[in-house]
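Student: I have a structure open and would like to go through it with you. Could we take it piece by piece?

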Amino acid sequence: MTQRTERAGIAPARSRWPGLASIGLFLLPALVLYGVFVLIPIVQAAQFSLYKWNGLTPLTDFIGLANYQRALADPVFVKAVTHNALIIVLSLTTQIPFSLGIALLLNRRFPGRAIFRLLFFAPYVIAEVIAGVVWRLILQPGGLAEGGLNVVGLDSLYQPWLADPDTVLWALFVIISWKYFGFHMIILLAGLQGIPRELEEAAAIDGASRRQAIRYVTLPLLGPTIRVSVFLSIIGALQLFDLVWVTTGGGPADASNTMASYLVDRGFERFQLGYGSAISVILFVIALFVALAYQHFVMRRDLDGALTGAG
Amino acid sequence: MATETKALVSERAVSQRVAATGGWILRWIVLIVLAGLIVIPVAYAALGGFKNNFQLSLNPIALPDPWITSNYTDVLASESFWQQLRNSVLIATVTAVTVVAFAALAAFVFARRSFPGREVVFTLFTLGFLFPSAVAILPLFVLVRTLGLLDHPLGIALPQAAFALPLTIIILRPFFRSIPVELEDAAAIDGCGAFGFFWRILLPLARPALATVAVLAVVTSWNAFLLPLVILSDQANWTLPLGLTNFSTQYSSDTARILAYTTLSLIPALVFYLLAERQLVSGLTGGSVKG
């Protein structure tokens, strides 16, 4: 009773705290930083994309949508888009199921579990640049891959995968999986640990095998976490750059270009900032499409849940 | 009847235990093979740094014989490596401090104040999380150039902090919201203003969450490549990833030396990982952020 009176007494005091002005002050630093370095550049990319511009002269040579026409007509760019798409497909069909399998293995208490978890997640903190340099040296002729195959008498299997247009994307995908499967495993493991053990036990009592319990109880409940993993994987694959730049530079013969590496090559290496901006707008539109589809099919609370634990 | 059931049950228990042991061994085999695949590239780099190129080409999988330390000592004696390390530390620190400070202020009002348009502004921030940062890289370069921040640590740290805002705010908001309103009331009675409450009560209570977002920001900044590649041209300002890529092209035939350089630039990240793994995991999954 006393408490209630006290709280009622505070209400006016709280509203006396400077209202909107103080809210504005709290928001201002973040809004300015975000506006200047995120929002404005994205809008500017749209503006630059309508010009032919080398980044140095004044922005005067307006050419409408010609940059977009050029991009869509450039087989190198179209190929780069399909490379991103291939990485996405491979990630969703191979990497995430694999991560899920390992997460299921690690979801039980057993000796050594913590160490495996620590190990598998570790490559996530290794820079793509570092992973790229090491793997390039491993896969190059005379590197660890060839030497290792030699020792077991399988040297005929070796080829310089990163130097062959037919295999380079697959080799990159192996490196990507090496670096990121632990990240997905950690996310999925957290999701698994949010599922009450009782549910699987109940299924077992009802006569379900372990496999059936996973298929009909665990996986459906894990749905939101899996979708977050899928989404993060797609966004990651869309902006794949560091690894490509360091290992292959987009080659050989543009066979491993991604949208981002194409963008940087044209924009910075060849000083075509207008054209590069058109590429980034296309990348933006694709990401927007993915995000909207995600919102539509998956709802935002999934993302909130996995990233904040609120769900 | 009763004994029969009992026998049946115990038989089942035994067979389950056998199956469980079998599964346990199988699980261990799979996990150990996988652990090997994770460790081998790192071990190859670390051991390769102790070889010379002749040893490396002769047998890439053997242990060094003899162990050669000159690759490591050469790198450690080079001023450029330490310079890059300092640059990386400086940029990661400024990025993390900026993003945590700015995001905490914003997350506070998103979590604990209602005002018109709050959800719209919040959504505007979260949208940034959904877009590849490469989208903005060309205009960002032009902007940083206009601001005169090319080849300046702030030219990297400020854009990085800006791009880290969405995730940081998304993580901090529910945490700030979970702190009981009674605390704020009590603070108000004691004459604590909005900022006083934020500074003296909310932030100390939110320390685990702040540590989590700071760790995420540090790791992202430490590994960043595209932005430094575009903004930093003077060698004296390079970060470790830039230095490493350049080193690996400059000495492209000296594999052993590149491996030593790679290993040394990997060590800070791995040490940091061992110290902050918990924060990193909870930041990405929500574990301890929950409170």
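Student: Leaving aside neighbours within four places in sequence, which residues is H184(A) in contact with?
Tutor: In this predicted model, H184(A) is in contact with Q95(A), I96(A), S99(A), S229(A) and S233(A), once its neighbours within four places in sequence are set aside.

Student: Where does H184(A) lie?
Tutor: H184(A) is part of helix α8 of chain A, which covers residues 168-193.

Student: Is H184(A) buried or exposed?
Tutor: H184(A) has a relative accessible area of 3%. The limit for buried is under 20%, so H184(A) counts as buried.

Student: Let us step back to the whole chain. How many helices and strands does chain A have?
Tutor: Chain A has 14 helices and zero strands. Its pattern along the sequence is accordingly written as a run of α elements.

Student: And what share of chain A is buried?
Tutor: Of the 311 residues in chain A, 52% are buried.

Student: Which residues of helix α7 of chain A are buried?
Tutor: Helix α7 of chain A spans residues 144-151, and its buried residues are L144(A), A145(A), G147(A) and L149(A).

Student: What is found just after α7(A)?
Tutor: G153(A) follows there, with a positive phi of about 75°.

Student: Now to chain B. At what angle do α4(B) and α13(B) pack?
Tutor: Helix α4 of chain B (residues 79-112) and helix α13 of chain B (residues 255-285) pack at about 30°, and their axes are 12 Å apart. Angles under 35 degrees count as roughly parallel, and α4(B) and α13(B) are therefore described in that way.

Student: What is the handedness of the crossing of α4(B) and α13(B)?
Tutor: The crossing of α4(B) past α13(B) is right-handed.

Student: Which residues make the contact?
Tutor: F81(B), Q84(B) and L85(B) contribute from α4(B), while Y261(B), L264(B), S265(B) and P268(B) contribute from α13(B). The residues of this contact divide into five nonpolar, two polar and no charged.

Student: Changing topic, how many salt bridges are there over all chains?
Tutor: The count over all chains is twelve.

Student: Which residue does R257(B) form a salt bridge with?
Tutor: R257(B) pairs with D74(B), and the closest N and O atoms are 3.8 Å apart. D74(B) is partly exposed, at 36% relative accessibility.

Student: And what is the partner of E79(B)?
Tutor: E79(B) forms a salt bridge with R86(B), with 2.8 Å between the closest N and O atoms. E79(B) is partly exposed at 48% relative accessibility, and R86(B) is partly exposed at 44%.

Student: How about E119(B) and R118(B): how far apart are the closest N and O atoms?
Tutor: In the salt bridge of E119(B) with R118(B), that distance is 3.0 Å. E119(B) counts as partly exposed at 35% relative accessibility, whereas R118(B) is buried with a relative accessible area of 18%.

Student: Which residues are joined into one network by salt bridges that share partners?
Tutor: R108(A), E200(A) and R210(A) are joined in that manner.

Terms used
Residues are numbered from 1 along each chain as its sequence is written. Chains are lettered from A and ligands numbered from 1 in the order in which they are written. This is a predicted model: local features need pLDDT of at least 70, side-chain atom pairs count only at pLDDT 80 or more; totals for chains, interfaces and linings use all residues. Side-chain values use heavy atoms; hydrogens and water are left out. Axes are lines fitted to C-alpha atoms, for helices over the stretch in contact, and angles run from 0 to 180 degrees between N-to-C directions. Helices (H or I, at least four residues) and strands (E, at least two) are DSSP runs, numbered from the N terminus. Angles under 35 degrees count as roughly parallel, over 145 as roughly antiparallel, 65 to 115 as roughly perpendicular and the rest as oblique. A crossing is left-handed if the near helix is turned anticlockwise from the far one by less than a right angle, and right-handed if clockwise. Contact means heavy atoms within 4.5 Å. Ala, Val, Leu, Ile, Met, Phe, Trp, Tyr, Cys and Pro count as nonpolar, Asp, Glu, Lys and Arg as charged, and the others, Gly among them, as polar. A salt bridge is a side-chain nitrogen of Lys or Arg within 4 Å of a carboxyl oxygen of Asp or Glu. Buried means under 20% relative accessible area, exposed over 50%, partly exposed in between (1.4 Å probe, protein chains only).
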